Amino acid sequence: MNAPLDAPLDSDVFRMPLDAFDVSDPKLYQDDIYYPYFARLRREDPVHYCRQSLYGPYWSVTKYKDIMQVEINHQVYSSDAAISILDPPKGLERQSFIAMDPPKHDEQRMVVSPAVAPNNLANMEGLIRERTGRILDSLPRGETFDWVDRVSIELTTMMLATLFDYPWDDRRQLTYWSDVVIADVRSPESPVHSEEEKFAELTRMAEALGKLFNERAQLPPKFDLLSMLAHSNTTRNLPFREFMGNLSLLIVGGNDTTRNSMTGGLMALNEHPKEYQKLRDDPSLIPGMVSEIIRWVAPVIHMRRTAKEDAELGGKQIKKGDKVVMWYVSGNRDPEAIDDPDNFIIDRPRPRQHLSFGFGIHRCVGNRLAELQLRILWEEIMQRYPVIEAIGPAKRTYSNFIHGIKSLSVRIPG
């Protein structure tokens with residue numbers, strides 16, 4: 001259950017000294033208890049310096065307007081070093097275009113953008129709807145099952161296999177690689193348990209996809225991502241680690257945001273039964289509800305930049321080389337930018353005013369595809385199932401980067 005962000009002032013979080021705050025702890029997100037920390041930071045120290053953490057010292061940027069200032073000022077706040085609070089392990093770096101500054105970022109991003117351009121999305125809508133209907137029709141009635149595995153993972157994995165034109169029967173391999181990319185190796189549940197093991201798995205990924213890449217290079221251009229990369233002068237001869245990094249980015253980008261929003265949206269409606277009833281009464285609210293789901297879930301918890309020069313932000317002096325972490329989970333709940341942000345409201349005015357896709361040059365390239373998949377899912381759900389009941393709490397991922405949901409037991413009344 002989502003706790004209110006503006007927690008009572010007598011809570012333990014509000015008695016802690018601010019210099020003890022370290023919102024990089026993945027347990028805060030796995031246990032879903034991070035809300036009051038950010039409420040207090042927004043209130044008292046919106047640009048907050050943490051001197052000591054597992055990831056070294058860093059600045060937390062917690063208010064919408066300050067996050068936007070960092071997002072649009074890539075001349076000062078660079079993506080080149082890393083996009084996560086975790087520094088790339090020495091000797092195991094793998095750069096991707098999201099972790100680049102212009103002009104290289106713009107050149108590589110432009111190569112894959114046509115895959116998710118409006119015309120191509122319109123061509124894919126019928127396929128997405130057919131698959132969604134088939135998955136929903138296969139669900140059991142009157143018994144408990146895992147929504148994440150049966151619906152969220154399956155639908156997003158099908159989409160990934162289509163985007164990469166990957167062998168259909170092996171498509172869950174893409175899901176596995178996505179889980180490896182985002183894994184915190186310190187978690188007992190991680191699929192890999194060291195950075196070296198992660199790098200080895202992603203090397204296998206790049207080698208497997210590299211074979212397909214080489215095949216596509218010998219064929220006429222098509223509208224799958226590997227063919228686009230293979231036929232572009234910008235990306236056809238990438239260094240191996242850059243190729244690995246871009247594949248990792250595209251797999252996670254095509255999977256995690258949508259997958260976790262598919263589950264988080266169902267959770268939100270169960271937690272807000274009046275909104276669920278509102279949806280049943282008027283399914284035309286679905287497009288706006290999709291944006292509200294993405295704001296509410298905030299599937300990417302943070303993005304990190306590195307200061308290229310001394311700068312001022314929110315009255316604080318940022319030094320060259322400092323880590324600057326934009327906490328989207330906090331900006332999405334900033335009452336100065338979003339009215340009544342602690343409530344899930346499916347007919348919210350201006351629902352797309354959220355930070356879940358980032359902003360500026362690094363805004364999620366596949367944001368319209370994510371919205372399309374979620375819209376179709378809920379349109380097809382409402383034609384079949386007036387109610388899908390969440391049974392018990394969700395099991396969440398140990399991560400401070402991706403707001404992952406590992407499982408959610410649900411039941412469709414018989």
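Which helices each supply at least two residues of the lining of the second largest cavity?

1. Basis. The model is predicted.

2. Aromatic pairs. The structure holds 10 aromatic pairs. Take Tyr-34 and Phe-38. Their ring centres lie 6.2 Å apart and their planes meet at 70 degrees, so the pair is edge-to-face; the cut-off for that class is over 60 degrees. Tyr-34 is buried, as is Phe-38. Both residues also belong to one aromatic cluster, formed by Tyr-29, Tyr-34, Tyr-35, Phe-38 and Trp-327.

3. A pair between strands. Tyr-49 and Trp-59 form a tilted pair. The centres are 4.7 Å apart, with 50 degrees between the planes. Tyr-49 sits in strand β1 (residues 47-50) and Trp-59 in strand β2 (residues 58-61). The two residues are 10 apart, and the pair links distant parts of the chain. The cut-off for buried is under 20%.

4. Charges over rings. Two arginines deserve a look in the viewer. Arg-280 lies over the face of Tyr-276, 4.8 Å from the ring centre. Arg-333 lies over the face of Trp-296, and here the distance to the ring centre is 3.9 Å.

5. Second largest cavity: helices. A search of the whole structure finds 2 cavities of 30 Å³ or more. Now to the opening question. The helices are α5 (118-137) and α6 (147-164), each with at least two residues in the lining of this cavity. The largest share of that lining comes from α5, with 3 residues.

6. Second largest cavity: lining residues. Which residues line the second largest cavity? They are Ile-128, Arg-131, Thr-132, Leu-155, Met-159, Met-262 and Gln-373. By class, the lining has 4 nonpolar, 2 polar and 1 charged residues. Arg counts as charged, and Arg-131 is one of the lining residues. Ile, Leu and Met count as nonpolar; the lining includes Ile-128, Leu-155, Met-159 and Met-262.

Note on methods. Residues numbered from 1 in each chain as written. Predicted model: local features only at pLDDT ≥ 70, side-chain atom pairs only at ≥ 80, totals over all residues. Heavy atoms only, no water. Phe/Tyr/Trp six-rings, centres within 6.5 Å; stacked < 30°, edge-to-face > 60°. Buried < 20%, exposed > 50% of the residue type's maximum accessible area, 1.4 Å probe, protein only. Helix = DSSP H or I, 4+ residues; strand = E, 2+ residues; numbered from the N terminus. Lys NZ or Arg CZ within 6 Å of the ring centre and 35° of its normal. 1 Å grid on protein atoms, 1.4 Å probe; cavity = no way out; pocket = protein on both sides within 12 Å on 5 of 7 lines; lining within 4 Å. Points joined across faces, edges and corners; volume = space filled by probe spheres on them.
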